[in-house]
Protein chains: 2
Amino acid sequence: MIPREPLELFELARGGSRTALARLLTYVESGGATQLDTVALAYEARSPYVVGVTGPPGGGKSTLTDRLITLTLDCGSFDGDDPFDQVGVLCVDPSSPFTGGAILGDRIRMQDHATNEHVFIRSMATRGHLGGLSLAVPDALRVLGAANFRLALVETVGVGQMEVDIASAADTTVVVTNPGWGDAMQASKAGLLEVADIFVINKADRPGLRETRRDLEQMLELGEHAWRPPIIETTATSGAGTAELWDAIVEHRAHLLEGNYEVHRRARLRRELDKVLSAMLRSKVTELAHGVSYDAQLDALLAGTTDPYHAAEKLLAES
Amino acid sequence: MIPREPLELFELARGGSRTALARLLTYVESGGATQLDTVALAYEARSPYVVGVTGPPGGGKSTLTDRLITLTLDCGSFDGDDPFDQVGVLCVDPSSPFTGGAILGDRIRMQDHATNEHVFIRSMATRGHLGGLSLAVPDALRVLGAANFRLALVETVGVGQMEVDIASAADTTVVVTNPGWGDAMQASKAGLLEVADIFVINKADRPGLRETRRDLEQMLELGEHAWRPPIIETTATSGAGTAELWDAIVEHRAHLLEGNYEVHRRARLRRELDKVLSAMLRSKVTELAHGVSYDAQLDALLAGTTDPYHAAEKLLAES
């Protein structure tokens, strides 16, 4: 199959073609020259408003995301506009290098929407992208923006550095916890505090709700916040609390716009640029490691006539 | 105090001055020009034989290290030589940015040796080293080598990527587990399998020994090994099994020498060189991020006239 040019695909995607949109996202995941062309076009358009949903596995993120999709299409809007005509959803599991496991499960759970033409759901994987998922996700979000999506949800499994990284691509980040998760939260406090704009205690009908709320509140009291993350109790399976969650998202967006939204956008772009710079430099290390000079320096190291710092400096000077 | 030149300090260190040796290690930790001079000199000398002792906190690594120190000074030798005249010990806790906590505990537990002139114990910290502990530790080991240490022990707390990284600086890596640690091991299987040359089940007098041994054996059966890590049972508090541990270390070293030791050394130096290259390139990103062009590219990103990849390429081309 001859790949169509990104420009043409973007036109088709804007016209509603999901096939074209899927192809563009594959370009983004695959890296290389076509990715660069795709991204260059995508960055000309406005970014969608991005809501990140993150937290440890098993917390009910997918069911909650499900609810948010229905809600935003039915009655969700910003600034009194009409409800969203379409919602894009990216599912990310950095711990699983293949599409499967949790992500497959998410897909099944979200299958109510799979045949809904207003919903576009995609499991993200990296198939050679220079910077892995933490770069592919912002790229993919831009592609959604260029395909006229005004709202995108990103569901990320886990609470490690990679997840924090991906969550930082969102405008509003929702961290999903469960009653009785005191210890699990404890272990990842710093990371969660850093990214959470809203805390959700899902499965709020289970025992331990009060303790988890108290733990979160104590955690929040330790920091100073221009925006103090609210704690929303939900039961995603019944839908209880999900309207309040959406209200909190709208409120957080208003807070961002009230403050200096340009500063927020600039900070985000700065993180993206730094990530790209790092990725490019990393690939340069790989490139250097396959050169002739590299072997010569390694020989010198073995012979004890140089050390790694002087060897590295020489390699960088030559490159 | 005026810092003495590394060359002079190395002469003093080789003559037995612990003060000079400590100063050199501080140079290494501190980074900068003096570190570069120190390391350049250190790499001219032979590396000591390095035994890494790693594993989750609370497993008894320090007591075991203690035992190894006594044993190697009393009767430990390679190739039928005399027992070692001195042993160097580096204590590393990557999770703790300050000297304290576990490391302080280790020091106290090792205090029997603190006044022994044949033992040199040092808690490693980074005070500005370019590449953090994973670079400072190999540098420090080289400094010990240049100060005529033929044997060095590196005790590392934890089982994360950083610990794996530090452990890879050892010739023989001993992974310390305890009876009943099935689940904890499970979580870090991949990392442990990658680095372990010898498994120790310490506190072998406790319940659960058989299960842990079975778990480890099952784990080992999954991989193919030119060297199959032996599983040694020890009770470090009584000393039981520590002689067997030392024998296993001697055996692993013989295996390395039998095979192509140059290949092993080359692989290690390659990892060190790659780490230094990465660290230097990372610092270049920081440098770029403080330049005038960087702000111009960020403005272009905000305006939608460029994307992060083309912006990064421009910055790299200009640098």
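Copies are superposed here by least squares on the C-alpha atoms of residues whose pLDDT is at least 70 in both. Keep that in mind for the first view, and remember throughout that this is a predicted model.

**View 1. Two copies, one turn.** Take chain A, turn it by 179°, shift it 0.1 Å along the axis, and it can be laid on chain B with an RMSD of 0.2 Å. The two copies are therefore related as by a two-fold rotation axis. Which residue of chain A comes closest to the rotation axis? That's Leu281(A), with its C-alpha at 3.0 Å.

**View 2. Where chain A meets chain B.** On each side of this meeting there are 36 residues: 36 from chain A in contact with 36 from chain B. On the chain A side, the elements that give two or more residues are helices H3 (32-42), H13 (261-289), H14 (292-303) and H15 (308-318). H13(A) has the largest share of that side, with 17 residues. Sort the chain A side by class and you get 22 nonpolar, 5 polar and 9 charged residues.

View 3. Now zoom in on H13(A) and helix H14 (residues 292-303) of chain B, which pack at an angle of about 115° with their axes 10 Å apart. Is their crossing left-handed or right-handed? For H13(A) and H14(B), it's right-handed. From H13(A), the contact is made by Arg265(A), Arg266(A), Leu269(A), Arg270(A) and Leu273(A). H14(B) answers with Gln297(B), Leu298(B), Leu301(B) and Leu302(B). In this contact of H13(A) with H14(B), 5 residues are nonpolar, 1 is polar and 3 are charged.

**View 4. Chain A as a whole.** Step back for a moment to take in chain A, with its 15 helices and 7 strands. It runs to 319 residues, and 46% of them count as buried. Look at the contacts in chain A between residues at least 6 apart in sequence: 72% of these join residues at least 24 apart.

**View 5. Glu29(A), a charged residue tucked inside.** Glu29(A) is found in helix H2 (residues 18-30) of chain A. Is it buried or exposed? Glu29(A) has 20 other C-beta atoms within 10 Å, so it is buried, the cut-off being 20 or more. Glu29(A) and Ala136(A) sit 107 residues apart in sequence, yet their C-alpha atoms are 5.9 Å apart in space.

**View 6. The two sides of H1(B).** Helix H1 of chain B covers residues 6-14, and its buried residues are Pro6(B), Leu9(B), Phe10(B) and Ala13(B). These cover an arc of only 105° around the axis, which means they are on the same side of H1(B). What do the buried residues of H1(B) pack against? Their partners are helices H2 (18-30), H3 (32-42) and H7 (133-146) of chain B. Turned away from the buried side, the other face of H1(B) carries the exposed residues Leu7(B) and Glu8(B).

**View 7. Either end of H1(B).** Before H1 of chain B comes a segment that holds Glu5(B). With 12 other C-beta atoms within 10 Å, Glu5(B) is exposed. Glu5(B) and Thr38(B) are 33 residues apart in sequence, and 8.8 Å separates them in space, C-alpha to C-alpha. After H1(B) comes Gly16(B), with a positive phi near 110°.

**View 8. Two loop residues with positive phi.** Asn148(A) isn't a glycine, but its phi is positive, about 75°. You'll find Asn148(A) in the loop between helix H7 (133-146) and strand S4 (151-157) of chain A. Asn148(A) has 16 C-beta neighbours inside 10 Å, so it counts as partly exposed. Over in chain B, Lys203(B) has a positive phi too, near 60°, and is likewise a residue other than glycine. The loop that holds Lys203(B) lies between strand S6 (198-201) and helix H11 (209-222) of chain B. Lys203(B) is buried, with 23 other C-beta atoms within 10 Å.

Technical notes:
Residues numbered from 1 in each chain as written. Chains lettered and ligands numbered in written order. Predicted model: local features only at pLDDT ≥ 70, side-chain atom pairs only at ≥ 80, totals over all residues. Contact = placed C-beta atoms within 7 Å. Helix = DSSP H or I, 4+ residues; strand = E, 2+ residues; numbered from the N terminus. Nonpolar A, V, L, I, M, F, W, Y, C, P; charged D, E, K, R; others polar. Arc of directions from axis to C-beta. Axes fitted to C-alpha atoms, helices over the stretch in contact; angles between N-to-C directions. Left-handed = near helix turned anticlockwise from the far one by under 90°.
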